[in-house]
Amino acid sequence: NPLKFAVDYYEKTREDLLYQLPLPRSTGFSSIWSNIGSMENKGFDVGVTAEWLQSSDPDGFSFSSTLSLSRNRNKVLSLYKDQPQLGQNAIIVGKPLGVFYGYVMDGIFQTADEVAAHARQTVNANPRLATAPGDIRWKDLNGDDVINADDRTTIGNPWPDYEGGITNLVAFMGFDLTAFVQFSQGNEIYNGIRTYMDRYGSDGDNHTTRAMNRWTPSNPSNTEPRAIWGDPNGNTRTSSRFVEDGSYVRLKNVVLGYGVPSWIASKAGARTARVYVQAQNIVTSTNYSG
């Protein structure tokens, strides 16, 4: 009796999802919404309640905990002619919905010889408008010695491995204390604000303190590129540079309450009354810089 379990497992396939079907320009339109997509979802939800201590006396000491845990996996099964929709969040057959898609950062060029030996990233006779030491080195995934849109790939997954929460409830002599802890593990976040805040030297605006560690000849950073007006190498393009671990644990809610005795509540014209104080989003532990 002290333990109660609830477990749900599901598998569901959605057919005829809305998707934009391309049309010939001669129709006067470029696309039309059509029911041509399908997606699979499967996973489980688990709920566990444990009554660690339960007094027969209403004013006695009681302590209980409830754990909720969820895991979902989704996969795109079909699109029109299996053609992917490629953007920062991509829709690709065989992949989870909305995966992050872009270039893969492979360190930072430290010397001109490294730039010359790598696949061509930019071409310009003006050194201020070409790839140079301090710029990000992008992986040449197809091996053609040219960095272009064909070198993009899946760079992150916004869906967590699992997520859930734990609620603890303690009660004694009319007082009750509830604490709710929320968590998510394994999800990634594309920190889009960094494409603006970490564009060192461009737009004439301020930046975060990460700019203090930017690459210079005397500070050969391998994580933060150089400051250069106009960003000729495209250091802020959609890439793995801005994909971060979004896992977190958060003390989401704490409530301390007191059930006013009925003889006192009746004097105020109420059958029952409760006084409480509540705090939300008290502390969060995460590696996500946003």
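A: A patch is made of residues with over 30% relative accessible area and no salt bridge, with nonpolar side chains (Val, Leu, Ile, Met, Phe, Trp, Tyr) joined within 5 Å and like charges within 9 Å; a salt bridge puts a side-chain nitrogen of Lys or Arg within 4 Å of a carboxyl oxygen of Asp or Glu. The model is predicted, so local features need pLDDT of at least 70 and side-chain atom pairs count only at pLDDT 80 or more, while totals for chains, interfaces and linings use all residues. Residues are numbered from 1 along each chain as its sequence is written, and side-chain values use heavy atoms, without hydrogens or water.

W52, L53, F61, F172, M173, F175, L177, L256 and V277 form a nonpolar surface patch of about 910 Å² (Shrake-Rupley areas, 1.4 Å probe, only the protein chains shown counting as cover). At least two of the patch residues come from β2 (31–53), and at least two from β10 (175–185) (strands are DSSP runs of E, at least two residues, numbered from the N terminus). L53 lies in β2 and is partly exposed, at 44% relative accessible area (partly exposed lies between buried, under 20%, and exposed, over 50%).

Inside, the largest nonpolar core has eight residues: Y103, M105, I108, A119, I136, W138, I147 and W215 (a core joins buried Ala, Val, Leu, Ile, Met, Phe, Trp, Tyr and Cys through side-chain atoms within 4.5 Å). β6 (105–108) and β7 (136–138) each give this core at least two residues. A separate second core has six residues, among them V104, I155, F242 and V243.

Notes: Helices (H or I, at least four residues) and strands (E, at least two) are DSSP runs, numbered from the N terminus. Buried means under 20% relative accessible area, exposed over 50%, partly exposed in between (1.4 Å probe, protein chains only).
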